[in-house]
Amino acid sequence: MKIIADMNIAHLADFFNEQSLGKPVELISMVGREINADILAEHEPDVLLVRSVTKVNDDLLKDNHSVKFVGTATIGTDHVDIDYLAKHGIVFANASGCSKHSVAQYVIASIAELRPDYFFQPITLGIVGVGNIGTTLAQYAVSLGWQVLGYDPLKPPSAVNNSSLEKVLSESNVISFHVPLTYPEHSTYPTHHDYLMTSKRWQQVSDTAIIINTARGEVLGRDDIVANMNAVVLDVFEHEPTIDAELLRCVSIATPHIAGYTLEGKLRGTQIVYNALCQFIHVSPVVDFHDFLPKEMPLFHALHNPLNDHERQQLLKKMPSIYDIRADDKRLRAVANVNGDIEGKDFDNLRKNYPLRREWQSYIMR
């Protein structure tokens, strides 16, 4: 079995080898952005494993006659033409839910950094998109005693999916986006900023509201961010992997698409795709990602509902030890060129060499 894979997939060689798959394996790992049609034609792999930077579509696979399985070690799938794969009989798997805690915790950490007083106020958190990540974020918000307004027209009404978009935008102290990137040809509710978060809709948002985007860069327009006064947290960017100097100056916290980059989140992503490949080739999984986790660190305990005032104070106090989001912001700004822009190669290098943090569940109170 020949596998071409993005080298940034966590513990790639530990999961995809002869012992773990029960047959001879040739694993070719490479930079995700460099996986192209010529590479596939040269190596003729049976399996293609990617992350979000590789566009899996007709351009990549039109001359392919070998790939039978595509896996992405990510929650999002907008970089994959799923219909094309189905039409050509190529089995597809994504890592649904793998980094839901990682991203939700990133959002909470960014709020703690910008407005620590919100940990002790009954604020309103607006969530646009209440899938795996949005629903998990809502659970954290409830732990902190916050009101949740959620909007997702593709989900049935629920305790989380409880609001209109207009109400989310106009009544929330913090608005966090957790939607896939879609266009009118993909969805009756497209999420590109030309259709969802338009310039007109920005006017419905209070100037004091914090806007957070960990979904896809094109969900928020670059020009709208620059034109408005809101505190904005961006982990994704409209023209990623490049960031222009003016946008960088206007963003309160900027990080290089690493919101889901915890050790647990990345390992879960690998595990889910590995399990799917095992099912495809009819073998039993023999690798467990828990074997690659370090021992638990004695700092904090798992969250539970609801946190009392002492627990909130402890969480806020320990936040820099658990996840120093400002350090990630500084690392990104430090690689700006003489014009103040972030170049794509430097953005990608930060992602490639990111020191994976741990999820809060790994921390235990002394």
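Reply: Start with one term. Helices and strands are DSSP runs, numbered from the N terminus. Keep in mind that this is a predicted model.

Me: Which helix gives the largest share of the lining of the largest cavity?

Reply: That is H6, with three residues. The space in this cavity is about 40 Å³. Its lining includes Ser102, Gln105 and Tyr106, along with Arg357, Arg358, Glu359 and Trp360. By class, four lining residues are nonpolar, three polar and three charged.

Me: How many cavities of 30 Å³ or more does the structure hold?

Reply: Two. Among the residues lining it are Asn213, Leu220, Arg222, Leu234, Phe237 and Leu247. This lining divides into six nonpolar, three polar and two charged residues.

Me: Now the pockets. What is the volume of the largest pocket, and which residues lie nearest its centre?

Reply: About 1,000 Å³ of space lies in the largest pocket. Its lining has 48 residues, and nearest the centre are Ile75, Gly76, His178, Val179 and Pro180. The classes are 20 nonpolar, 18 polar and 10 charged.

Me: What about the second largest pocket?

Reply: Its volume is about 720 Å³. Here 29 residues form the lining, with Lys55, Asp78, His79, Val80 and Leu181 nearest the centre. By class there are 10 nonpolar, eight polar and 11 charged residues.

Me: Next, the nonpolar core. What is the general idea?

Reply: In soluble globular proteins, nonpolar side chains tend to be buried together. In this structure, the largest nonpolar core has 40 residues. Ile108, Phe119 and Trp146 touch the most other members.

Me: Which elements supply at least two residues of this core?

Reply: They are helix H6 (100-114), strand S6 (124-128), helix H7 (132-143), strand S9 (210-213) and helix H13 (309-322). H6 gives the most, eight residues. Another core, of 32 residues, lies apart from this one; Phe177, Leu220, Leu234 and Ala254 are among its members.

Me: Back to Trp146. What does Trp146 touch?

Reply: Leaving out residues up to four places away in sequence, Trp146 touches Ile108, Ile111, Tyr118, Phe119, Gln121, Ile123, Leu125 and Ala141.

Me: How do I read an aromatic pair?

Reply: Look at the distance between ring centres, then at the angle between planes. The structure holds 10 aromatic pairs. Take Phe15 and Phe292: their ring centres are 5.6 Å apart and their planes lie at 55°, so this pair is tilted. Phe15 sits in helix H1 (residues 12-15) and Phe292 in the loop between H12 and H13, so the pair links distant parts of the chain, 277 residues apart.

Me: Are Phe15 and Phe292 buried or partly exposed?

Reply: Phe15 is buried, at 0% relative accessible area. Phe292 is partly exposed, at 23%; the cut-off for buried is under 20%.

Me: What kind of pair do Phe119 and Trp146 make?

Reply: Their centres are 6.1 Å apart and their planes are at 80°, so the pair is edge-to-face. Phe119 is in the loop between H6 and S6, and Trp146 is in the loop between H7 and strand S7 (147-151), 27 residues apart. Phe119 counts as buried at 0% relative accessibility, and Trp146 counts as buried at 5%.

Me: Which residues do ring pairs link into a cluster?

Reply: Phe15, Phe16, Tyr274 and Phe292.

How values were computed
Residues are numbered from 1 along each chain as its sequence is written. This is a predicted model: local features need pLDDT of at least 70, side-chain atom pairs count only at pLDDT 80 or more; totals for chains, interfaces and linings use all residues. Side-chain values use heavy atoms; hydrogens and water are left out. A nonpolar core is a set of buried Ala, Val, Leu, Ile, Met, Phe, Trp, Tyr and Cys residues joined through side-chain atoms within 4.5 Å. Buried means under 20% relative accessible area, exposed over 50%, partly exposed in between (1.4 Å probe, protein chains only). Helices (H or I, at least four residues) and strands (E, at least two) are DSSP runs, numbered from the N terminus. Contact means heavy atoms within 4.5 Å. On a 1 Å grid over the protein atoms alone, a cavity is a set of points where a 1.4 Å probe fits but cannot get out, and a pocket is an open set with protein on both sides within 12 Å along at least five of seven lines; lining residues have an atom within 4 Å of a point. Grid points are joined across faces, edges and corners, and a volume is the space filled by probe spheres set on the points. Ala, Val, Leu, Ile, Met, Phe, Trp, Tyr, Cys and Pro count as nonpolar, Asp, Glu, Lys and Arg as charged, and the others, Gly among them, as polar. Rings of Phe, Tyr and Trp (its six-membered ring) pair if their centres lie within 6.5 Å; planes under 30 degrees apart count as stacked, over 60 as edge-to-face and the rest as tilted.
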